[in-house]
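The sequence and structure are shown below.

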Amino acid sequence: MRRKVAAGNWKMNGLKASIAELKALKASTAGANCDIIICPPATLIAAMAAVSGDIIIGGQDCHWNETGAHTGDTSAEMLKDAGAGAVILGHSERRADHGETDAEVNKKTLAAWRAGLQAIVCVGETEAQRDAGETLDVIGGQLDGSTPDATTAANTIVAYEPVWAIGTGRTPTLEEVAEVHDYLRAKLVTRFGDEIGNGIRLLYGGSVKPGNAVEIFAVSNVDGGLVGGASLKATDFSGIVSAAES
Ligand code: PEP
């Protein structure tokens, strides 16, 4: 039985005043029967980790080196030192805006583990790739390339996020979600064996809202969600946390 996860990605949103949303979320989700992860901008990690209680605070990216001449970057050790317990890696916005490759995401995943962070590794196809019938090939390749051989259920979560569903209000059909998640599960079992492959949580991401989370989280091999826009307000995200509990 995999414990469900409700993970929020705040992206480049949030000032110190937004810590009030985290506090409201903590109050409204106390004792929740699922893992809750909030990934704010790096500037808020330390302040939020200080008040987050059972809510895990995560980063949105890290460098693969521990220290060095990498202006503007943040290492996994720095995230951990600030109080993070997890980090999103290979989000499609990082892959598109910063040209991140599977090999780089793989190195970042190793860095996350080195620092003691759980990696949330993202995969997902573009609309053109889906229209061309390439979805499974694309996400299968991303999964293979982005996850190191030592992947376990404890050190890694995988998030399937169709690029065309992120921030658009559009979602795949439940059958399409099931097809991808069943495919990812089978690939994980083949590569890592029954115990690890069946233990790794698979999140769906892309326009998850309180109104559609229950049906999406009930789909085969969907172990919760990675949520952007609807994670910014505690009132919205607590509805998604409730869906992850059911
Ligand atoms: C995301 O950025 O990971 C995401 C899923 O965004 P949204 O929920 O806004 O589509």
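## Packing of α5 and α7

In this predicted model, helix α5 (residues 102-115) packs against helix α7 (residues 135-146) at an angle of about 40°, and their axes lie 7 Å apart. The crossing of the two helices is right-handed.

On the α5 side, the contact is made by D102, A103, V105, N106 and T109. On the α7 side, G141, Q142, G145 and S146 take part. By class, the residues of this contact are two nonpolar, six polar and one charged.

## T109

T109 is located in helix α5. Its relative accessibility is 0%, and because buried means under 20%, T109 counts as buried.

Not counting residues up to four places away in sequence, T109 touches L89, A119, V121, S146, P148 and T156. Of these, S146 belongs to the α7 side of the helix contact.

## Nonpolar cores

In soluble globular proteins, nonpolar side chains tend to be buried together. Here the largest nonpolar core has 58 residues, and I38, F217 and F237 have the most contacts inside it.

Leaving aside neighbours within four places in sequence, F237 is in contact with A6, A7, G8, L25, I36, I37, I38, V227, A230 and S231.

Terms used:
Residues are numbered from 1 along each chain as its sequence is written. This is a predicted model: local features need pLDDT of at least 70, side-chain atom pairs count only at pLDDT 80 or more; totals for chains, interfaces and linings use all residues. Side-chain values use heavy atoms; hydrogens and water are left out. Axes are lines fitted to C-alpha atoms, for helices over the stretch in contact, and angles run from 0 to 180 degrees between N-to-C directions. Helices (H or I, at least four residues) and strands (E, at least two) are DSSP runs, numbered from the N terminus. A crossing is left-handed if the near helix is turned anticlockwise from the far one by less than a right angle, and right-handed if clockwise. Contact means heavy atoms within 4.5 Å. Ala, Val, Leu, Ile, Met, Phe, Trp, Tyr, Cys and Pro count as nonpolar, Asp, Glu, Lys and Arg as charged, and the others, Gly among them, as polar. A nonpolar core is a set of buried Ala, Val, Leu, Ile, Met, Phe, Trp, Tyr and Cys residues joined through side-chain atoms within 4.5 Å. Buried means under 20% relative accessible area, exposed over 50%, partly exposed in between (1.4 Å probe, protein chains only).
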